[in-house]
Amino acid sequence: LPKAADQETEGLAFAAPNRPVCPRCAAPARPAILMFGDFNWKDHRSQKRRYDAWLRAVEGVAMEAAGASAPKPTHPPLGLARRLRVCILEVGCGMAVPSVRGGSHALCKKLTRAGAECTLIRINL
């Protein structure tokens with residue numbers, strides 16, 4: 001948040017209209033990520049199902065582009081002329097969270113095995 005001259009101005013800065021809010025209750029929205037000491041985390045199975053469906057679709061496109069047949073096509077044929085190129089961008093994980101680093105690396109390997117040309121970029125300041 002920007003530095004405020006007094007508490008009233010500071011409160012107004014947080015209430016700025018460009019902050020994400022919950023579409024149901026208008027409370028401040030939070031990212032769907034688990035943070036250290038996060039006692040308000042709520043696991044949503046629907047998010048996991050959507051992520052898994054997206055990953056299967058990307059794997060299928062990678063296999064099709066590489067000339068392999070996907071086990072169960074989830075889209076019409078794309079007629080890609082070259083391998084699917086994927087970039088996984090990992091931001092701010094550092095060296096202290098090996099589960100995140102391992103997950104990014106495993107996903108890159110999985111998509112490469114499916115036929116994608118995959119690049120993993122790690123940004124840590």
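This is a predicted model: local features need pLDDT of at least 70, side-chain atom pairs count only at pLDDT 80 or more; totals for chains, interfaces and linings use all residues.
Q: How far apart are the end C-alpha atoms of helix α2?
A: Helix α2 covers residues 45-65, which is 21 residues. At 1.5 Å a residue, the helix should span 30 Å. The model agrees: the end C-alpha atoms are apart by 30 Å.

Q: Which helix is included in what covers the buried residues of α2?
A: The buried residues of α2 include Leu55, Val58 and Ala62. Part of their cover comes from α3 (98-113).

Q: Why can lysine 48 be about one helical turn from aspartate 52, and what is the distance between their closest N and O atoms?
A: Both residues sit in helix α2, four residues apart, so about one helical turn separates them. Lysine 48 is partly exposed at 49% relative accessible area. Aspartate 52 is partly exposed too, at 23%. They form a salt bridge, with closest N and O atoms apart by 2.9 Å.

Q: Is glutamate 90 buried or exposed?
A: Glutamate 90 lies in strand β1 (residues 85-91). Its contacts include Val100, Ser104 and Leu120. The cut-off for buried is under 20% relative accessible area. Glutamate 90 has 3%, so it is buried.

Q: Which residues are linked with Glu90 in a network of salt bridges?
A: Glutamate 90 forms a salt bridge with arginine 101, at 3.9 Å between the closest N and O atoms. That pair joins strand β1 to helix α3, eleven residues apart. Glutamate 90 also meets arginine 122 in a salt bridge, at 2.9 Å from N to O. The network therefore links Glu90 with Arg101 and Arg122.

Notes: Residues are numbered from 1 along each chain as its sequence is written. Side-chain values use heavy atoms; hydrogens and water are left out. Helices (H or I, at least four residues) and strands (E, at least two) are DSSP runs, numbered from the N terminus. The expected span of a helix is 1.5 Å times one less than its number of residues. Buried means under 20% relative accessible area, exposed over 50%, partly exposed in between (1.4 Å probe, protein chains only). Contact means heavy atoms within 4.5 Å. A salt bridge is a side-chain nitrogen of Lys or Arg within 4 Å of a carboxyl oxygen of Asp or Glu. Lists of a residue's contacts leave out its neighbours within four places in sequence.
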